[in-house]
Amino acid sequence: MPETTENQSPITSDGGSTGDRPIAEERTSRWSGVRRHLGFRNISAVYIFAVIFIVFAIRIPDTFLATSTWRTLLDNQVITGLTALALIIPLAAGVFNLAIGIEVGAGSMFVAWLLVDHGMSIPVAILVGALSGALIGALVAWLIVKIRIDSFIATLGVSSLLAACITGISGGEQILGVPSRYADFGVGNVHGITYSFLILVATSVIVWYFLERTPSGRRVYATGGNIEAARLAGVNTTAVIFGTLIACGVLASAAGMLLTARLGNADPTIGPGYLVPAFTAAFLGSTQFKGGRFNVWGTILSVYVLAVGVKGLQLSGAPVWIPDAFNGASLLVAVGMAKYQGPGGDYFSIRRIFRMDRPATAAVTDQTSA
Amino acid sequence: MPVLLEARNITKTFPGVKALDDVSLSVRAGEIVALVGHNGSGKSTLVKVLAGVYQQDSGNVTIAGDAARKHGEGLHFIHQDLGLVPQLSTIENLDLSRTLGMHAVLPSSRRAERVHARRLIARFNATFDVEARLAELTPAECTIVAIARALDGWTSSENVLVLDEPTAALQGEEVGKLFDAVRSVAAEGAGVVIISHRLDEVVEIADRVVVLRDGRVVGEHLRGEFDQASLVQLIVGEAGDDVREEIHSRAPGEVRLAVRSLADQRLAGVDLEVRSGEVVGVTGLLGSGMERLAGAIFGASRPLSGSVQVDGVPVEPGTPARSILAGMGYVPSDRRRYGAVISMTAAENLTLPRLAPLRTATGHIDLRAETREAHRWMDHVGVRPARSAERVFSLFSGGNQQKIVIAKWLRNQPRVLLLEEPTQGVDVAAQAAIHDLIARIAADGAAVLVSSTDTKELITLCDRVVVLHEGRITASLSGAELTEAALVRATIDTPRPQQENTEMEHPGARHA
């Protein structure tokens, strides 16, 4: 019985190669390769950035093109950028972390609480803060892998627990009086470039190197791509999920600690505000460069494209609700674009995640239970 | 009795294969017709033509004497997966197929529904809780729900029910329960077509049997005119009995893979040894455990008991990572779900099981070396187009995908290679290439296990073929005994063993 599944994937728009004509292919593939790399599909955010830039440069050149505007812009997005970086690590492994915003908030509150209420020294407080982030990540991973709770639900539950912790230690009040040495770091700079921004750059490089260059990163992407196939190829998917969530927890808590340094205090309501911008950047970023894969440079680019858009709108006197509307609309457009983008079909990580087929729980537990 | 379904002179050709050649089939009211034949005989093609999935090249299908009736109307297909929602109760599942109109938003009369469902189930001599979730029912009861749902919407009696391998998941008395239900459907004046591999059951239930072989009807007999032996003869045919040429001249080496009383949900204690340089086939009917054996050996799921050894060293059960370290490779039948991460490139898939050799001193992957190595292996197995290591896996054709999956394991120089349906969904040229590749792997000293339902494939590839039935090996054919006819016979002609109380080495395995 001939199976009709054959021939369902003739050579598509990608690559332009035909197989039968290897010589012609060599020539065309270089051109189409360039086209593909610079095409709207691959780097749409760059084009969107260009459009936004030109529009505002013409409409409000005085404020929009000022150096100070750009310097603040780079600095202001550091926390969002770090949060988005923290988020894409588990996302690359197919795990949704809805607690990411509150993890940042918890990191911020916790370090202030240790410094102010407990008088801990700065290095110890930072260490304990990072450790608490790792613990939160491990708890989430344990719920997903061992208790087999879907990552949506597990992180939703944990985020509510963390919100309770935050209120518990702060009594719902801001924690003021962070040591000045700690707060100074948040506003310090070298040659006009803030320490915060340098931290973002360094973190980006590290996360990029880890995800895209190391064997462990490859295993993370494989787990996110198809957890069962990855397991059958010898990937320890349990370790991958634990590792990515712990890394995410540490990074989110670091972002929170930096936030406290920048503000000079800790606010119990501040964390959740980072959730949507981080997801928007991660998803818009996944449509850039790597055709559907969550990646660092696409994410960072997206953070700044969105920020420039919001900034331009604010400078031209748009109402206060604009940032939220802009972020929300961008998230929907980014995911919508990813769904219609690309050759060949349903292999996008976004698409797989939205199928809601319990990516993380289904198979991992297979090897741990029974 | 009026003829309800009539397919006349159906011919259907696929590129290179005549799947159906002048096939006719008629079903009368109240009649149970069994459609039998081995894999590749054209059964599923015929069903798909009846269902309107395929358009026949010539011939026509008439339902209830009215050619103008819409295709598929009055025909009800029940496939193996039943299409029910296990989380819902019988009542709710029956409800799903109803057209509700305004009632969709009005509160339903639970009592009336319950009574209705009970009455429907009672028609099949079944009495189970219609409010229990289907997940809590037995497979036979679920099949009855599926049949009841199909029947629920019947307004006229001129209907035909087509059951595709309804008993594959059933054991023992469950089969009897289902057959009672099927008989009551027929008794109400419907026509029934049963497709089955289990000949003892066919003999038990069919009023008439139609045997297909190589796309042609080779026999059509009424009840009493056939028995299991004559059916086997018809299915197997005269051809294919000739002794195959001895292509495997190499002498097998020492035992590389040793499986001892391996048992899981479907396997009831399998003992098997594969030697270096040997290709051993595994076959059996659907539900016999043949579809699970390779995965169980590899540790895709955790077995209930038993052990696996590679070169005399035990492998920790249920952990693919350990199996790979021990030198095993596993090519699953469902490539896209289990065989590869289809969103990653060919190179990334190829190197995933063993990334360590590609690591540089600073700990990152040498991407150039990776591409080079991927190209080398892809050339080795003949992936087309060449130099395509950077291409996303899902963009390759089925045959090339399979070659990449095989290359992934070849790169590890496997001691044991386990393959499931290695040429499923693969074109003819790629099929030959893959067969050649498997022979070469064995010649290089690996122990190779091939699970397949394709008898011809097993004959060409294997030194020895074992046949599974109810989770046990019931036959082992090699050398001159290994002919296509003998293999088909061993596969289909295995009566259900009686309840063996004495020989239960693995309690729980059969009922798990």
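Biologist: In chain A, what share of the contacts with a separation of 6 or more comes from residues 24 or more positions apart?
Modeller: 76%. Two residues are in contact if their C-beta atoms, placed from the backbone, lie within 7 Å. In chain B, 70% of the contacts between residues at least 6 apart in sequence join residues at least 24 apart.

Biologist: Before we go on, what am I looking at, and how is it numbered?
Modeller: This is a predicted model, where local features need pLDDT of at least 70, side-chain atom pairs count only at pLDDT 80 or more, and totals for chains, interfaces and linings use all residues. Residues are numbered from 1 along each chain as its sequence is written, while chains are lettered from A and ligands numbered from 1 in the order in which they are written.

Biologist: How many helices and strands are in chain A?
Modeller: Chain A has 18 helices and two strands. Chain B has 16 helices and 19 strands. Both are DSSP runs numbered from the N terminus: helices are H or I with at least four residues, strands are E with at least two.

Biologist: And how much of each chain is buried?
Modeller: In chain A, 46% of the 370 residues. In chain B, 48% of the 512 residues. Buried means 20 or more other C-beta atoms within 10 Å of the residue's own; exposed means 12 or fewer, and partly exposed is in between, with C-beta atoms placed from the backbone.

Biologist: Pick a helix in chain A. How many residues of α6(A) are buried?
Modeller: 15 of its 18, so to speak mostly covered. Helix α6(A) covers residues 100–117.

Biologist: What follows α6(A)?
Modeller: Gly119(A), with a positive phi near 60°.

Biologist: At what angle do α10(A) and α15(A) pack?
Modeller: About 145°, with axes 9 Å apart. Axes are lines fitted to C-alpha atoms over the stretch in contact, and angles run from 0 to 180 degrees between N-to-C directions. Helix α10(A) is residues 195–213 and α15(A) is 296–315.

Biologist: Which residues meet there?
Modeller: Ser204(A), Val207(A), Trp208(A) and Leu211(A) from α10(A) meet Val296(A), Trp297(A) and Ile300(A) from α15(A). By class, that contact has six nonpolar, one polar and no charged residues. Ala, Val, Leu, Ile, Met, Phe, Trp, Tyr, Cys and Pro count as nonpolar; Asp, Glu, Lys and Arg as charged; the others, Gly among them, as polar.

Biologist: Switching to chain B. What is the strand order in the open sheet of four?
Modeller: β11-β10-β13-β14, with antiparallel pairing. Strands β11(B) and β14(B) are at the edges with a single partner each, so one side of each has no neighbour in the sheet. Two strands pair if DSSP finds at least two bridges between them.

Biologist: How many bridges does β10(B) make with β11(B)?
Modeller: Six. A hairpin of four residues joins the two strands β10(B) and β11(B). Leu262(B) has Val270(B) as its bridge partner in β11(B).

Biologist: And with β13(B)?
Modeller: Five bridges join β10(B) to β13(B), also antiparallel. Arg260(B) stands opposite Ser307(B), and Leu257(B) opposite Val310(B).

Note on methods. Expected span 1.5 Å × (residues − 1).
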